[in-house]
Amino acid sequence: MNEKFNFVFCKYAHGKNKNYIKCANCKKDMCPSVSNILYGKVFKLPVIKQIYKLISNIYYDIETKRYENDYINEYEIGDMKHIWGLKSYDDLSSSSGANIHIMNDIELLYHKDTEDYSISIETIYMFELKDGDIKYLKCLLDNFTKWMDEHGYRTDSRVNLYEVFTYGNNINTHFKTIEECYANFKMLVNGYCSL
């Protein structure tokens with residue numbers, strides 16, 4: 001069988017006379033699909049390669065300059081500052097601890113433009129144990145509580161009943177103080193774990 005190739009817009013795979021078997025048996029360089037024509041013939045032309053490389057370099061330079069203008073340090077960028085976090089165990093960076101540029105299990109951020117705080121957690125994990133998600137959330141809350149205590153912040157604050165039921169506080173809500181942010185996270189974790 002021929003090596004796999006992209007048959008987007010192939011005349012055998014689309015339209016009135018669909019014939020996937022005929023399309024699958026087409027030779028890669030002979031298939032009349034748009035992507036095979038572009039990537040197999042057009043993009044191999046020296047002039048097109050040079051244009052593509054030039055455009056890629058310009059885009060890279062623009063993004064690099066934009067990043068450099070926004071970068072302040074590993075904990076701060078133009079409109080955001082990393083206050084606290086826990087580095088994810090599966091983060092592949094060489095960073096020694098949590099910062100704004102890496103994958104964190106939990107992070108507390110200060111937004112300079114709106115002058116408020118938000119918290120975010122990593123939710124990509126799949127847990128083998130039935131209550132693995134509950135243990136994960138409790139661990140995050142325990143670490144957040146420990147950090148709050150170490151830095152003299154109150155951990156006994158309560159969320160505002162009116163705001164919770166009127167605005168529907170969630171993980172994406174921004175708060176004016178770190179204590180309010182903590183109280184909201186504590187409410188979310190305790191609520192989730194009690195279900």
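Biologist: Is Y125 buried or exposed?

Modeller: Y125 is buried, with a relative accessible area of 13%; buried means under 20% relative accessible area, exposed over 50%, and partly exposed in between (1.4 Å probe, protein chains only). This is a predicted model in which local features need pLDDT of at least 70 and side-chain atom pairs count only at pLDDT 80 or more, while totals for chains, interfaces and linings use all residues. Residues are numbered from 1 along each chain as its sequence is written, and side-chain values use heavy atoms, with hydrogens and water left out.

Biologist: How many of the residues of the chain count as buried?

Modeller: The share is 29% of the 195 residues.

Biologist: How many helices and strands does the chain have?

Modeller: There are 6 helices and 5 strands, where helices (H or I, at least four residues) and strands (E, at least two) are DSSP runs numbered from the N terminus. Read from the N terminus, the order is α-α-α-β-β-β-β-β-α-α-α.

Biologist: How many aromatic pairs are found in the whole structure?

Modeller: The search gives 11 aromatic pairs. The rule takes rings of Phe, Tyr and Trp (its six-membered ring) with centres within 6.5 Å; planes under 30 degrees apart are stacked, over 60 edge-to-face, and the rest tilted. One of the pairs is W84 with F144, stacked at 5.1 Å centre to centre with 10 degrees between the planes. Distant parts of the chain are linked here: W84 is in strand 3 (residues 80-87) and F144 in helix 4 (residues 132-150), 60 residues apart. Both W84 and F144 are buried. Y89 is exposed, with a relative accessible area of 69%, whereas Y125 is buried.

Biologist: Which residues do ring pairs link into a cluster?

Modeller: The cluster holds W84, F144, W147, Y153, Y182 and F185. N99 lies in the loop between strand 3 and strand 4 and counts as buried because its relative accessibility is 3%.

Biologist: How many salt bridges are found in the whole structure?

Modeller: There are 3 salt bridges, each a side-chain nitrogen of Lys or Arg within 4 Å of a carboxyl oxygen of Asp or Glu. In one of them the side chains of E76 and K112 meet at 2.4 Å, N to O. E76 is in strand 2 (residues 76-77) and K112 in the loop between strand 4 (104-111) and strand 5 (116-121), so the pair links distant parts of the chain, 36 residues apart. E76 is buried at 16% relative accessible area, and K112 is partly exposed at 26%. D91 and K87 meet at 3.8 Å, N to O; D91 counts as buried at 14% relative accessibility and K87 as partly exposed at 28%. R154 and D156 meet at 3.1 Å, N to O, and D156 is exposed, with a relative accessible area of 51%.

Biologist: Which residues form the negative surface patch?

Modeller: The members are D70, D79, D113 and E115. Patches take residues with over 30% relative accessible area and no salt bridge; like charges are joined within 9 Å, and nonpolar side chains (Val, Leu, Ile, Met, Phe, Trp, Tyr) within 5 Å. Lys and Arg count as positive and Asp and Glu as negative, with His and the chain ends not counted, and each charge is placed at NZ of Lys, CZ of Arg, CG of Asp or CD of Glu. D70 lies in helix 3 (residues 46-70) and is partly exposed at 32% relative accessible area. E115 is in the loop between strand 4 and strand 5 and counts as exposed at 53% relative accessibility.

Biologist: What is the phi of E115?

Modeller: Most residues other than glycine have a negative phi. For E115 phi is near 55 degrees, a positive value in a residue other than glycine.

Biologist: Which residues form a nonpolar patch on the surface?

Modeller: V47, I51 and I55 form the patch, with about 280 Å² of accessible area together; such areas come from the Shrake-Rupley method with a 1.4 Å probe, and for residues only the protein chains shown count as cover. I55 lies in helix 3 and counts as exposed at 52% relative accessibility.
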